[in-house]
Amino acid sequence: HQQLEQARADLQAVIDTSQTGIFVFSPVFDEAGRHVDFRFKTINRMVAALVGQTPDVITGAVASDWFI
């Protein structure tokens with residue numbers, strides 16, 4: 001478990017310090033099971049800066065709230 005947590009922390013550090021925009025989406029489905037949007041699971045500061053925000057503001061939000 002400790003090794004997994006260290007690997008997660010290491011990967012997050014790479015994402016956070018990258019000069020390239022990096023994000024991970026998860027799909028959002030409606031009640032009928034249709035794909036309707038994406039939710040930000042992980043986002044780095046480079047992508048968040050595109051909309052003038054910080055990663056903590058956008059993480060968990062749906063993509064359609066920020067990008068059309």
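Which residue in strand 2 does Ser-26 stand opposite? Ser-26 faces Arg-39 in strand 2. The structure described here is a predicted model.

## Overall fold

The protein chain contains three helices and two strands. Along the sequence these elements follow the pattern α-β-β-α-α. The chain is more spread out than a compact globule, because its radius of gyration is 14 Å, well over the 11 Å that the globule rule gives for 68 residues. Taken along the principal axes, the C-alpha atoms fill a box of roughly 40 × 30 × 15 Å.

Of the contacts in the protein chain with a separation of 6 or more, 31% are between residues 24 or more positions apart.

## Surface and charge

Of the 68 residues in the protein chain, 22% are buried. The chain exposes about 5,000 Å², and carbon and sulfur atoms supply 58% of that area.

The protein chain has 5 positive and 8 negative charges. The mean positions of these positive and negative charges are 2 Å apart.

## The hairpin

Strand 1 covers residues 23–29, and strand 2 covers residues 35–43. They pair in the antiparallel sense over seven bridges. The two strands form a hairpin, with five residues between them. In the turn, Gly-33 has a positive phi of about 85°.

Phe-25 stands opposite Phe-40 in strand 2, and Ser-26 stands opposite Arg-39 in strand 2.

## Val-28 in strand 1

Is Val-28 buried or exposed? Val-28 lies in strand 1 and counts as buried because its relative accessibility is 16%, where the cut-off for buried is under 20%.

Leaving aside neighbours within four places in sequence, Val-28 is in contact with Arg-34, His-35, Val-36, Asp-37, Phe-38, Arg-39 and Val-62. One of these residues is Arg-39, which is eleven residues from Val-28 in sequence and 6.5 Å from Val-28 in space, C-alpha to C-alpha. Among the other contacts of Val-28, His-35, Val-36, Asp-37 and Phe-38 fall within the 35–43 range of strand 2.

## Thr-42 in strand 2

Thr-42 is found in strand 2. With a relative accessible area of 18%, Thr-42 is buried.

Which residues does Thr-42 touch, not counting residues up to four places away in sequence? They are Gln-12, Ile-15, Ile-22, Phe-23 and Val-24. Phe-23 and Val-24 fall within the 23–29 range of strand 1.

## Asp-65 after helix 3

Helix 3 spans residues 55–58, and Asp-65 lies in the segment after it. Asp-65 has a relative accessible area of 58% and is therefore exposed, the cut-off for exposed being over 50%.

How many residues apart in sequence are Asp-65 and Glu-31? The two are 34 residues apart in sequence, and their C-alpha atoms are 19 Å apart in space.

Technical notes:
Residues numbered from 1 in each chain as written. Predicted model: local features only at pLDDT ≥ 70, side-chain atom pairs only at ≥ 80, totals over all residues. Heavy atoms only, no water. Helix = DSSP H or I, 4+ residues; strand = E, 2+ residues; numbered from the N terminus. Rg over C-alpha atoms; globule rule 2.2 N^0.38 Å. Buried < 20%, exposed > 50% of the residue type's maximum accessible area, 1.4 Å probe, protein only. Contact = heavy atoms within 4.5 Å. Areas by Shrake-Rupley, 256 points an atom, 1.4 Å probe, with all protein chains shown as cover. Lys, Arg positive; Asp, Glu negative; His and termini not counted. Charge placed at Lys NZ, Arg CZ, Asp CG, Glu CD. Pairing = 2+ DSSP bridges.
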